[in-house]
Amino acid sequence: SERWRNEEESLSASSSGMDHYDTIKLIKRSKALLMLQMKREGMDGFAEVSTTDGKFFEAVWSAVIHTGLGPLSPNSILLSLPSFLKFEGNRSGDSYCLHRKSRTEAENYLRTINGILNLGKAVILFKSSPSYPLNGDIIPDRGTIDIWWIVHDGGLLLLLPFLLSKHAVWLGAGDGTRKKNRLRRKTIGAKLRLFAVTTSPRENAVKLQKAVTEHLERVRIQADVTVVEDLARTDIARYMRDEMSVDDIPSRDIMTNSRDETMRDKMGMSRPNNPVASLRKDGISTQHMTLGEVFASDCYEDGPSNFTHSDDGIQAASKLNEMVRRESRDANLVVTNLPFIRKDHDSEEYFKFLHTACKGIDNVMLVRGSGAEVITAYA
């Protein structure tokens with residue numbers, strides 16, 4: 001809220017030039033403001049404040065490490081898409097460069113995100129607008145949450161929208177009341193639509209839609225499934241996953257029968273420690289796999305697999321943005337994969353990709369799971 005932003009700015013201004021004797025007072029005031037904001041939003045939980053005279057990302061890492069009690073520690077970290085990033089378009093308006101003053105902040109923010117991921121936590125980067133519902137709102141006609149599934153990195157990309165759809169703001173009560181009938185809560189909530197993105201011309205859209213629909217039925221998630229083929233000839237998958245973690249072999253050649261154990265051993269493949277984490281019947285880890293690779297035995301066909309290469313990813317990001325704005329123009333929230341951060345990733349290149357992919361979309365959640373978050377098919 002505007003009031004909270006003003007209080008936050010006041011805190012930042014008062015902290016400049018402070019000595020160590022004022023630190024405790026600043027922590028107490030900040031914690032009180034956080035608890036007040038949580039009360040306004042109807043949130044139950046704990047408020048903690050960390051201070052540092054060093055680098056911002058190191059303070060965030062420390063807070064992530066020390067938050068919680070033993071195994072009862074958070075596994076997901078929610079961050080906002082940086083609003084301090086200012087992009088300057090060139091005269092033709094077809095490209096962007098990071099504002100000079102924002103480069104240092106962008107580098108620090110990228111290190112913050114990457115450090116959290118290296119700690120084994122999932123990261124949710126959220127871009128919101130005034131149209132996103134507050135805790136006390138009721139969305140007329142239930143509302144819609146769209147999931148754009150490009151790569152598999154655990155179950156969080158599916159689980160998060162499913163849980164959000166059950167919140168009271170999506171109940172769609174016409175009279176503004178929140179009925180607590182258990183049957184009604186099972187049938188009323190945000191409408192979920194899943195857009196399965198093909199990343200290769202060899203993927204059969206009809207078979208992929210059937211495979212994804214059957215998977216959703218097994219995990220008891222109701223969603224309309226649509227296959228998007230417009231990105232099949234781009235290198236979108238390259239920017240969404242760690243290419244080094246995926247075996248460099250054709251997906252249709254990955255054996256799916258128990259009699260092929262010897263072939264799997266020759267290829268250096270092993271079953272994951274937690275077979276539930278894999279969506280494949282053979283138990284091969286599906287971490288960082290595209291949907292076509294996950295359901296390879298059912299969805300791949302013979303044919304050329306050529307696609308258009310883009311050095312900076314802007315072409316792929318632009319195409320993704322075009323498709324999301326076309327298919328999800330009436331959605332209240334769009335949830336998709338957070339692009340992978342490579343070891344040598346340039347911060348300007350990374351945030352340029354995000355800026356292009358999210359441009360013109362009001363409410364977006366970019367999700368990068370740790371791979372440990374899974375949805376089981378067991379009650």
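**Group meeting: a loop, a sheet and a buried asparagine**

R142 sits in the loop that links β4 and β5. Keep in mind that this is a predicted model. The phi of R142 is near 75°, a positive value in a residue other than glycine. R142 is partly exposed, at 32% relative accessible area.

D141 lies in the loop between β4 and β5 as well. Its phi is positive too, near 55°, and D141 is not a glycine. Is D141 buried or exposed? Relative accessibility is 72% for D141, so it counts as exposed. The cut-off for exposed is over 50%.

Now the sheet. Seven strands make an open sheet. The order is β1-β4-β11-β10-β5-β7-β8, with mixed pairing. Which strands are at the edges? They are β1, residues 76–80, and β8, residues 224–228; each pairs on one side only. On average, neighbouring strands are turned by 20° against each other, direction ignored.

β1 and β4, residues 122–127, run parallel and are joined by five bridges. Within β4, V123 stands opposite I77.

A helix packs on this sheet: α7, residues 205–218. Helix α7 touches β5 (144–149), β7 (191–197) and β8. The direction of α7 makes about 150° with that of β8.

Last stop, N321. This residue lies in helix α12, residues 314–327. Why do we call N321 buried? Because its relative accessibility is 8%, and buried means under 20%. What does N321 contact, leaving aside neighbours within four places in sequence? The contacts of N321 are T356, A357, C358, K359 and I361.

Key: Residues numbered from 1 in each chain as written. Predicted model: local features only at pLDDT ≥ 70, side-chain atom pairs only at ≥ 80, totals over all residues. Heavy atoms only, no water. Helix = DSSP H or I, 4+ residues; strand = E, 2+ residues; numbered from the N terminus. Buried < 20%, exposed > 50% of the residue type's maximum accessible area, 1.4 Å probe, protein only. Contact = heavy atoms within 4.5 Å. Pairing = 2+ DSSP bridges. Axes fitted to C-alpha atoms, helices over the stretch in contact; angles between N-to-C directions.
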